[in-house]
Amino acid sequence: MFEIKGIRTFAMSAKNIDKAVEFYTKTIGGYIVKTVEPTEEQLKAGQVKEVDVKLGNFEVHIFDASKGPRAVDPHHTLNIPWQ
């Protein structure tokens, strides 16, 4: 059996990524740890802008959904220690 220590990440689509990032940084107090700006070729292949915000030992991965939400969102990962 796994010993789950908590949620490690939460991924979500945001209709307005700038407002979502502002909420998680200015209102909640997190900080940006990674930003992904896809190239034109990557955009054509379906990749979207992503901003990852750190909140303590937890990260929120925010994906640009201005053209529609990603089919895989929302989703999360668990913190499970391995020996």
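Let me start with a term: a salt bridge is a side-chain nitrogen of Lys or Arg within 4 Å of a carboxyl oxygen of Asp or Glu. Keep that one in mind, and we'll come back to it.

Now, what you're looking at is a predicted model, where local features need pLDDT of at least 70, side-chain atom pairs count only at pLDDT 80 or more, and totals for chains, interfaces and linings use all residues. Residues are numbered from 1 along each chain as its sequence is written, and side-chain values use heavy atoms, with hydrogens and water left out.

Okay, the overall layout. The protein has two helices and five strands, and from the N terminus the order is β-α-β-α-β-β-β. Helices here are DSSP runs of H or I with at least four residues, strands are runs of E with at least two, and both are numbered from the N terminus. The C-alpha atoms fill a box of roughly 40 × 30 × 20 Å along the principal axes.

I'll keep saying buried and exposed, so here are the cut-offs: buried is under 20% relative accessible area, exposed is over 50%, and partly exposed is in between, using a 1.4 Å probe and protein chains only. By that rule, 30% of the 83 residues are buried. As for contacts, meaning heavy atoms within 4.5 Å, take those with a separation of 6 or more: 60% of them join residues 24 or more positions apart.

On to the inside. A nonpolar core is a set of buried Ala, Val, Leu, Ile, Met, Phe, Trp, Tyr and Cys residues joined through side-chain atoms within 4.5 Å. So which residues make up the largest nonpolar core? There are 11 of them: Met-12, Ala-14, Ile-17, Ala-20, Val-21, Tyr-24, Val-51, Val-53, Leu-55, Val-60 and Ile-62. Two or more residues each come from strand 1 (6–14), helix 1 (17–27), strand 3 (50–55) and strand 4 (58–64). Helix 1 gives the most, with four residues.

Leaving out neighbours within four places in sequence, Ile-62 is in contact with quite a list, including Met-12, Ile-17, Val-21, Tyr-24 and Val-51. Then there's Val-51, which is in strand 3 and counts as buried because its relative accessibility is 5%. With the neighbours within four places left aside again, Val-51 is in contact with residues including Ile-32, Lys-34, Val-60 and Ile-62. Glu-41 is 10 residues from Val-51 along the chain, and their C-alpha atoms are separated by 19 Å.

Rings of Phe, Tyr and Trp (its six-membered ring) pair if their centres lie within 6.5 Å; planes under 30 degrees apart are stacked, over 60 edge-to-face, and the rest tilted. Here Tyr-24 and Phe-23 are edge-to-face, 5.1 Å centre to centre with 80° between the planes. Are the two partners buried or exposed? Tyr-24 is buried at 17% relative accessibility, whereas Phe-23 is partly exposed at 38%.

Next stop, Thr-9, in strand 1. Thr-9 is buried, at 13% relative accessibility. Its side chain makes a polar contact with the side chain of Thr-77, at 2.4 Å. A polar contact is a pair of N or O atoms within 3.5 Å; within protein, one must be able to donate a hydrogen and the other to accept it, and residues adjacent in sequence count only if both atoms are side-chain atoms.

Asp-73 is buried at 14%, while Arg-70 is partly exposed at 25%. The charged end of Arg-70 also sits over the ring of Phe-63, 3.5 Å from its centre. For that, NZ of Lys or CZ of Arg has to be within 6 Å of the ring centre and within 35 degrees of the ring normal.

Another salt bridge joins Glu-37 and Lys-49, at 3.3 Å, N to O. Glu-37 lies in the loop between strand 2 (31–36) and helix 2 (40–44), and Lys-49 in the loop between helix 2 and strand 3, so the pair ties together parts 12 residues apart in sequence. Glu-37 is exposed at 54%, and Lys-49 is partly exposed at 22%.
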